Amino acid sequence: MGKKTDMVLSVADMAGTVLFAVEGAMAALRGGLDLFGVMVLSFATALGGGVLRDLLIGAAPPTALRDWRYPAMAFAAGAATFAGHAVVGQVPVGLMTTLDAAGLSLFAVAGTEKALNRDIPPFSAVLMGTITGVGGGTLRDIMLAQVPAILRVDVYATAALLGAAVMTAAIRLGVAPRYAALAGGGACFALRMVSVWRHWALPTAMGLQG
């Protein structure tokens with residue numbers, strides 16, 4: 001992939017880092033954690049998925065530890081959220097849902113691209129993109145002693161999976177990487193937002209019995 005594409009996806013990765021760090025900080029504030037707890041959850045939510053992906057594809061040490069900008073952005077976003085918690089708390093739920101969907105989309109395509117760049121097979125690259133998108137949120141929920149959102153009925157991981165699959169398929173069909181990333185990110189964002197709007201959910205065993 002060219003330098004311009006790498007730059008675009010790097011920006012997407014960093015934007016997703018900031019968005020997820022804010023989300024992690026807000027979850028920590030809702031859980032009554034102190035400043036240290038807020039910073040820890042900001043870091044874990046923003047970078048947990050990327051760290052896990054890098055370890056799985058053999059990119060060690062993970063980018064989050066090699067590039068100081070990633071932890072710096074996560075901690076700065078967490079600190080800013082803590083300092084402005086009164087204002088942040090007034091942000092409409094719909095806007096936060098939109099920002100979360102945007103972060104999920106950015107991470108899904110950035111994670112897929114990193115896996116493909118290391119010659120990971122397409123199917124595995126799709127899984128790596130999905131892990132990048134949902135790994136941090138899963139770690140956040142575990143640290144807050146909650147059942148991870150991706151294990152519940154919400155259409156969340158499915159959206160990341162779709163975005164990663166669309167991007168991978170587009171590249172395999174010869175679409176330019178930057179446009180493949182746009183297609184994948186758009187598919188992820190669209191499915192996530194439509195599922196919230198239409199209240200879509202994956203079936204459960206209890207639902208099937210009913």
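What follows is a conversation about a predicted model of one protein chain.

Colleague: What makes up the secondary structure of the chain, helices or strands?

Modeller: The chain has 10 helices and zero strands, and from the N terminus on the elements therefore read α-α-α-α-α-α-α-α-α-α, with a helix counted when a run has at least four residues.

Colleague: How do you know whether the radius of gyration agrees with that of a compact globule?

Modeller: For 210 residues, a compact globule would have a radius of gyration near 17 Å, and because the chain has 17 Å, the two agree. Along the principal axes, the C-alpha atoms fill a box of roughly 50 × 50 × 25 Å. Of the contacts with a separation of 6 or more, 77% are accounted for by residues 24 or more positions apart, and 46% of the 210 residues count as buried.

Colleague: Why is Ser195 called buried?

Modeller: Buried means under 20% relative accessible area, and Ser195 has 2%, so the term applies. Ser195 is found in helix α9, which covers residues 177-198, and it touches Val155 and Trp200, leaving aside residues up to four places away in sequence.

Colleague: Is Gly50 buried or exposed, and what is the reason?

Modeller: Gly50 has a relative accessible area of 14%, and because the limit for buried is under 20%, Gly50 is buried. Its place is in helix α2, residues 35-56, and although Gly50 and Met128 are 78 residues apart in sequence, their C-alpha atoms are 8.9 Å apart in space.

Colleague: What makes Arg30 exposed?

Modeller: A residue counts as exposed when its relative accessible area is over 50%, and Arg30, at 64%, therefore belongs in that class.

Colleague: Which class does His199 fall into, buried or exposed, and how do you know?

Modeller: His199 has a relative accessible area of 70%, which is over 50%, so His199 is exposed. It lies in the loop between α9 and α10 (205-209), and its phi, near 60°, is a positive value in a residue other than glycine.

Colleague: Where is there a cis peptide bond?

Modeller: A cis peptide bond joins Ala60 and Pro61, with omega at about -5°, and Pro61 has its place in the loop between α2 and α3 (63-66).

Colleague: Which residues does UniProt list under "transmembrane region", and what does the model show for the span 155-173?

Modeller: The unreviewed UniProt entry lists several spans under that name, including 155-173 and 180-200. In the model, residues 155-173 are 84% helix and 0% strand, with end C-alpha atoms 27 Å apart, while residues 180-200 are 90% helix and 0% strand, with end C-alpha atoms 26 Å apart.

Methods. Residues numbered from 1 in each chain as written. Predicted model: local features only at pLDDT ≥ 70, side-chain atom pairs only at ≥ 80, totals over all residues. Heavy atoms only, no water. Helix = DSSP H or I, 4+ residues; strand = E, 2+ residues; numbered from the N terminus. Rg over C-alpha atoms; globule rule 2.2 N^0.38 Å. Buried < 20%, exposed > 50% of the residue type's maximum accessible area, 1.4 Å probe, protein only. Contact = heavy atoms within 4.5 Å. UniProt positions renumbered as here; feature names shortened; annotations may be inferred.
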